[in-house]
Amino acid sequence: MIQLRDVTKKYKNNYALKHVDLDIASGDFVFVTGASGAGKSTLLKLLYKEETPTSGTVLIGGINIANLPSDKVPNLRRCMGIVFQDYKLLPNISVYDNVAYVIRTLGMSTKEIKTRVIGALKVVGLLEKRNSKPTELSGGEQQRVSIARAIVNGPPLLIADEPTGNLDPATSLEIMQILDQINKRGITIIVSTHDKSMVNYFKKRVLTLDSGEIIRDVRDGTYE
């Protein structure tokens with residue numbers, strides 16, 4: 001599904017990524033680990049075209065998105081869900097409308113939108129909060145809403161950048177369990193994280209970055 005070939009990203013005189021080669025298969029679950037500044041967020045941003053590599057190719061589904069024109073980026077992002085540490089919810093509309101927001105531009109019928117939104121909220125266990133505003137929810141509940149929004153369009157890929165960074169350990173476990181269940185439906189999951197306990201608990205594929213280079217890639221791995 002995803003192939004990076006000799007990918008380098010340079011900001012002025014600093015390298016965020018250096019000559020990265022990476023393959024991620026459809027249905028995989030990958031933790032991306034490493035210290036702050038190691039290149040984790042840059043790697044994820046290349047996948048959803050927030051950043052462009054200085055050199056190299058980034059292939060998703062066989063298409064080199066490194067050279068993708070800006071007018072094609074929205075189509076790319078419709079094929080993936082993105083979850084951020086700070087949720088990025090619209091505070092003045094309901095949970096239901098936050099989740100529906102992303103698919104209302106796609107020409108779906110009201111019935112189809114309702115079916116998809118309710119289905120996504122059931123996956124994250126928040127159907128009963130569909131009429132609440134994000135400001136009325138806990139941090140963990142807000143993150144679950146953002147996950148529902150990310151999967152409502154049925155994407156084959158979900159990217160999460162430090163999704164438990166603002167959450168306590170028990171809530172972090174709930175969020176990761178939801179992502180694990182989504183992965184078991186066949187969706188590819190890529191999670192950048194500093195959370196050693198979560199990585200050690202789930203024992204998925206673990207990539208470790210250091211100074212922009214992949215220094216470790218293990219299956220059923222732990223945080224090192």
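**A walk through the predicted chain**

Glu162 is found in the loop that runs between strand E7 (157-161) and helix H6 (169-183), where helices (H or I, at least four residues) and strands (E, at least two) are DSSP runs numbered from the N terminus. The model is a predicted one, in which local features need pLDDT of at least 70, side-chain atom pairs count only at pLDDT 80 or more, and totals for chains, interfaces and linings use all residues. Residues are numbered from 1 along each chain as its sequence is written, and side-chain values use heavy atoms, with hydrogens and water left out.

Although Glu162 is not a glycine, it has a positive phi of about 50°. Most residues other than glycine have a negative phi. With a relative accessible area of 10%, Glu162 is buried, a word that stands for under 20% relative accessible area, while exposed stands for over 50% and partly exposed for what lies in between (1.4 Å probe, protein chains only).

Lys12 also carries a positive phi of about 50° without being a glycine, and its place is in the loop between strand E1 (2-11) and strand E2 (14-24). Lys12 counts as exposed, at 80% relative accessibility.

Arg144 belongs to helix H5 (residues 139-151). Arg144 is buried and yet has no salt bridge, the nearest side chain of opposite charge being that of Glu141, 4.4 Å away; a salt bridge is a side-chain nitrogen of Lys or Arg within 4 Å of a carboxyl oxygen of Asp or Glu. If its neighbours within four places in sequence are left aside, Arg144 is in contact (heavy atoms within 4.5 Å) with Val124, Gly125, Leu126, Ile175 and Ile178.

From these residues we turn to the whole protein chain, whose secondary structure comes to 7 helices and 10 strands. Its radius of gyration is 17 Å, close to the 17 Å that the globule rule gives for 224 residues, so the chain is as compact as a globular protein of that length; the radius is taken over C-alpha atoms, and the rule is 2.2 Å times the number of residues to the power 0.38. Along the principal axes, the C-alpha atoms fill a box of roughly 45 × 40 × 30 Å. Of the 224 residues, 50% count as buried, and among contacts with a separation of 6 or more, 67% are accounted for by residues 24 or more positions apart.

Terms used:
Lys, Arg positive; Asp, Glu negative; His and termini not counted.
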